[in-house]
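Here is a short report on one structure. Read it with the sequence and the model side by side.

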Amino acid sequence: MADQITNYKCPACTGPLHFSGASGKLECDYCGSSYSVEEIEALYEKKDEQAAQAAAEAEQKAAQQPDEGEWAQPEGADWAEPGMKSYSCPSCGAELICDETTAATSCPYCGNTTIVPGQLSGARKPDYIIPFKLSKEDAVAALKNHYKKKPLLPKVFSAQNHIEKIQGVYVPFWLFNGSADADIRYKCTRSMTHREGDYDVTDTQHFMVYRAGTVEFEKIPVDASSKMPDENMDSIEPFDYKELKAFSNAYLPGFLADKYDVSVDDCAPRADERCKASCEGAMRSSVTGYSTCVPEEEHVRIRRGKVQYTMLPVWMLHTKWKGKDYLFSMNGQTGKLTGDLPVSWGRFWAYFAGIAGGLAAVLAVLLFAL
Amino acid sequence: MKKQILCLLAALMLLLGLSVSASAYESAHVFDYAGLLTDSEAGALEARCQDAEDTYGCGVYIVTVNDYSLYYDAGSIENFSEGFFLDFELGAGEDQNGILLALSMAERDYDLCAHGMIGNRSFTDYGKGVLAERYFLSEFGSDNWYAGFDRYVDGCMEFLQMDAQDEPFDQNTDPERLEDIGVLKWIVVIVVPLLTALVVCLVMKGNMKTARKQTHADAYIPQNGVRMLRQDDVYLTTTQTRVKIETQKSGGGTSVNSGGFSHSSGKF
Ligand SMILES: [Zn+2]
Ligand SMILES: [Zn+2]
């Protein structure tokens, strides 16, 4: 593994190649040539083999995992390869990985511009990756659009933040696979009302409803970066797993990758919670034709399966506004964008006064003048 | 057999009552068989009632009994007041215009009963309700009989006065109600816009926050990922509830029955 070549050079001019999400190809900044990942990997034949092997290994490991008990994480290979370097942010502690050709200038999580380059070591190589599909231009446009039609947004806010600084980051995720068994008893009623003379008569039928079943879950993503707010990552779901590829460093040029710093065990409760809620929901949705339905007794058991270490593409922009952090994230595959925006209270009350005053005037005319 | 005795007794009491009350003053409008008023009080009321009849052409009557069910085989106090009205040939003019307030002490029932064109026009369904609530019920509630009747005659005079001015008392002419509606309108004009603006602004503020945690994993259930192993719906029992339908009178006017009477009755 030590002889692996991971910084891709343009076959035509030996300039650095970077992965462009828009074309899905590796492009050369110097001569403008572009190559598909496959082409490049074919050129670097060994690399190709390696990637295929990695995928096969990951699948094999996955197949061997037990059905119950702990979430089983495959033991990945070491990511420390020549041509890879790391940056660490002294401000927030983020550790970012990129290939030699990519220069990181600021921390995508906290915006700190003095990030320290270093040697990559002790990082685990991810099993899978979804490459960036949307370009930086797409991300800038989406962010500008995000600011639009927000009447309460302080005007200065959008003017002051440097949208161009948006960065493409591969965010580490654990993908949880498993299933949940449910055994639930509901108390349900069905009511019918008819009229008898001067009375409304309601007949209510009472039922005891039993539901049991199994719900399978595939690849519930939980971000494994402590710097990344969970809300942000949950909100840009879902990713299209059809484009999930075996991990290869070939997808890295031009982007940063964050390595995981939250373990599977620490992420598991979030996956468990979501499994449980959806399992209950699936059982509940099979109870139909009743006017009320209250669960009386619930047993949900989660059967934990394999966990995959995956890199998912996210465009990120960090901004500070009046001492508060604002982090915008866009799904680099689907373009779904999220990020809380600051509220201008001046504008809030101005709108409040305008709406209340206008409506009062209209109502006064309607009620008193007509 | 029992019923016959009861009827006999009733007739006897009626005669007795008549003879008693007729003694002190000429009883044409006030018939106090339950003995709630002193002679002078009854006399004063009688004079006011006569005055109302002379002015507006509509008789104003008061009748009190200990138990209405002893008269005219009356199954309800409405039946009693109609029976009494006809029996005593009450009402002024060809139309027999009149308003009668009957009190029955046994169960503390009252009935307001109007008859004739002027009677039914002046005392609408809404108006009779107001007459009871705003004028006499509170007085009767604390056993102030004379004050209650006096207020009743006050109300009758006012209602008849309004009718004489071609604007009979009803929902849309009740000054108090119109005032309430005026206040209500102001509340609408002030409160509705404030609430609306608040809701709109809070929604706009909510739109500023887009990052939210996911609570479900529905998107990660594969096709056919849900397998049901048990689906039993067991019927237990049926229960029944009965709720009386409240009939709501809408609009104004007077509901006159086939006998030409309209009523508003209740307890005091
Ligand atoms: Zn080139
Ligand atoms: Zn940082």
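## Charges over rings

A charge sits over a ring if NZ of Lys or CZ of Arg is within 6 Å of the ring centre and within 35 degrees of the ring normal. The charged end of Arg230(B) meets this rule over the ring of Tyr210(A), 4.2 Å from its centre. Arg242(B) lies over the face of Tyr199(A), at 5.5 Å from the ring centre.

## About the model

This is a predicted model, in which local features need pLDDT of at least 70 and side-chain atom pairs count only at pLDDT 80 or more, while totals for chains, interfaces and linings use all residues. Residues are numbered from 1 along each chain as its sequence is written, chains are lettered from A and ligands numbered from 1 in the order in which they are written, and side-chain values use heavy atoms, with hydrogens and water left out.

## Chain B in outline

Chain B has 7 helices and 6 strands. Helices (H or I, at least four residues) and strands (E, at least two) are DSSP runs, numbered from the N terminus. From that end, the elements of chain B run α-β-α-β-α-β-β-α-α-α-α-β-β.

Of the 268 residues of chain B, 41% count as buried. Buried means under 20% relative accessible area, exposed means over 50%, and partly exposed lies in between (1.4 Å probe, protein chains only). Contact means heavy atoms within 4.5 Å. Among contacts in chain B with a separation of 6 or more, 67% come from residues 24 or more positions apart.

## Two helices side by side

Two packed helices are described by the angle between their axes and the distance between the axes. Axes are lines fitted to C-alpha atoms, for helices over the stretch in contact, and angles run from 0 to 180 degrees between N-to-C directions. Helix α2 (residues 39–56) and helix α6 (residues 145–164), both of chain B, pack at about 5 degrees, with axes 11 Å apart. So α2(B) and α6(B) are roughly parallel. Angles under 35 degrees count as roughly parallel, over 145 as roughly antiparallel, 65 to 115 as roughly perpendicular and the rest as oblique.

The residues of this contact divide into 11 nonpolar, 1 polar and 5 charged. Ala, Val, Leu, Ile, Met, Phe, Trp, Tyr, Cys and Pro count as nonpolar, Asp, Glu, Lys and Arg as charged, and the others, Gly among them, as polar. On the α2(B) side they include Leu45(B) and Arg48(B). On the α6(B) side they include Phe149(B) and Gln161(B).

## Aromatic pairs

Rings of Phe, Tyr and Trp (its six-membered ring) pair if their centres lie within 6.5 Å; planes under 30 degrees apart count as stacked, over 60 as edge-to-face and the rest as tilted. The count comes to 43 aromatic pairs over all chains. Phe132(A) and Trp315(A) have ring centres 5.2 Å apart and planes at 65 degrees, so the pair is edge-to-face. Phe132(A) is in the loop between β7 and α3 of chain A, and Trp315(A) is in strand β12, 183 residues apart. Phe132(A) is buried, at 2% relative accessible area. Trp315(A) is buried too, at 5%.

In chain B, Phe136(B) and Tyr152(B) have ring centres 6.0 Å apart and planes at 80 degrees, so this pair is edge-to-face. Phe136(B) belongs to helix α5 and Tyr152(B) to helix α6. Ring pairs also link a cluster that includes Phe31(B), Tyr72(B) and Phe88(B).

## One buried valine

Where does Val130(B) lie? Val130(B) is in helix α5 of chain B. Val130(B) is buried, with a relative accessible area of 7%. Leaving aside neighbours within four places in sequence, Val130(B) is in contact with Tyr135(B), Phe159(B), Phe169(B) and Asp174(B).
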